[in-house]
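Here are my notes for you to read alongside the model. Take the points in order and look for each residue as you go.

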Amino acid sequence: MQRNQSVKVLVADDSMVSRKFIRSLLEQHLFQVIEADDGIAALETLNENPDITLLITDYNMPRLDGFGLIIKVREQKSREELAIIGLSSDGDESLSARFIKNGANDFLQKPFVHEEFHCRVLTTLDALDMVTRLWEQANLDYLTNVFNRRYFFNLYEEKLNLIAQKKGVLALALLDIDFFKQVNDTYGHDVGDEVLIEFAKRLQHSFSQHFTVARIGGEEFVVGFKGLNVEKAYTLLDRFRMQLEVTPIATSKGSIDITVSTGVSEFSCDENVDELLNRADIGLYDAKASGRNVVCIAEGKPQKTF
Ligand SMILES: Nc1nc2c(ncn2[C@@H]2O[C@H](COP(=O)(O)OP(=O)(O)OP(=O)(O)O)[C@@H](O)[C@H]2O)c(=O)[nH]1
């Protein structure tokens with residue numbers, strides 16, 4: 001029940017009586033309910049509320065019917081992102097199979113027993129939760145909860161091809177916490193973990209609204225700056241570096257001063273992720289060699305803005 005309070009369900013049905021009835025069943029289980037009176041209104045509502053996780057849709061509706069709605073929705077959202085349950089009072093026995101072929105997760109024939117309705121909704125949402133958990137285990141870093149290496153490489157293989165086709169720009173930063181071994185040696189591995197978690201939070205806070213942040217190794221993180229050239233990325237990264245330097249990380253063993261060294265490279269159309277990352281690594285090597293706590297543009301000289 002507690003989970004249900006955060007679940008938004010969209011009910012698409014042209015019959016107000018039917019919508020109100022389904023709403024009352026869902027609200028008994030504390031779901032948040034939104035209504036739409038046909039397929040077009042449902043599409044608009046889904047666009048305005050990207051956090052809807054379940055769509056319950058009737059088959060016969062004016063303007064756009066249940067099948068048309070599902071086909072349109074599935075162009076944007078997979079079964080793992082948005083669950084759909086089809087409903088119909090039409091006696092056509094092939095409807096359930098057609099609903100599912102078109103992309104519904106499940107189907108219910110009207111009229112239905114309340115208990116069956118609740119079972120279908122809960123089973124569909126449980127399956128969605130399980131897929132989400134599996135996806136998170138495969139793609140998020142277990143310690144810091146930012147994207148992991150696997151996610152980053154998969155995403156960027158695709159992204160670089162698209163950027164090359166469109167002649168877009170992208171800068172890639174490789175960030176490595178300075179003297180991190182000393183943190184572990186002085187305070188213990190658990191405190192080292194606390195530092196990594198807070199460092200990742202700060203990176204996310206600074207960059208993840210517009211850019212991709214991932215942990216790709218022990219104390220190594222990447223940020224992919226799609227749409228930015230290396231100079232613009234440098235400015236953001238150097239601001240991050242300065243803020244980190246003056247804001248110690250609070251841990252269970254007290255505040256710890258941390259600095260970061262960063263290498264940043266700009267995508268050139270004929271390279272893959274490994275090559276781009278290798279060039280950022282050359283920048284990182286320069287940053288470490290020049291004394292750390294600095295951002296270096298790949299194959300360039302260490303630069304500070306002050
Ligand atoms: N606590 C913690 N430590 C980790 C984790 N992964 C890697 N490390 C540690 O990170 C440290 C990295 O140390 P080094 O590669 O020697 O680099 P450094 O001490 O940061 O020195 P520079 O990079 O040269 O500034 C090692 O001590 C690893 O054991 C982790 O998940 N948790």
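1. Start at Ala 171. Beyond its neighbours within four places in sequence, Ala 171 is in contact with Phe 225, Leu 228, Asn 229, Val 230, Ala 233, Val 264, Ser 265 and Glu 266 (contact: C-beta atoms, placed from the backbone, within 7 Å).

2. A word on the source: this is a predicted model, where local features need pLDDT of at least 70 and side-chain atom pairs count only at pLDDT 80 or more, while totals for chains, interfaces and linings use all residues. Residues are numbered from 1 along each chain as its sequence is written.

3. Ala 171 belongs to the largest nonpolar core, which has 50 residues. Ala 171, Leu 172, Ala 173, Val 213, Ala 233, Val 264 and Ala 280 touch the most other members. Such a core is a set of buried Ala, Val, Leu, Ile, Met, Phe, Trp, Tyr and Cys residues joined through C-beta atoms within 7 Å; buried means that 20 or more other C-beta atoms lie within 10 Å of a residue's own, with C-beta atoms placed from the backbone.

4. A second, separate core has 29 residues, including Leu 10, Ile 52, Met 61 and Leu 108.

5. Now step back to the domains, whose bounds come from an automatic or database domain assignment. Domain 1 covers 3-138 and domain 2 covers 149-303. Their centres, taken over C-alpha atoms, are 41 Å apart.

6. The C-alpha atoms of the protein chain fill a box of roughly 75 × 50 × 30 Å along the principal axes. Of the 306 residues in the chain, 35% are buried.

Technical notes. A residue is buried if 20 or more other C-beta atoms lie within 10 Å of its own, exposed if 12 or fewer, and partly exposed in between; C-beta atoms are placed from the backbone. Two residues are in contact if their C-beta atoms, placed from the backbone, lie within 7 Å.
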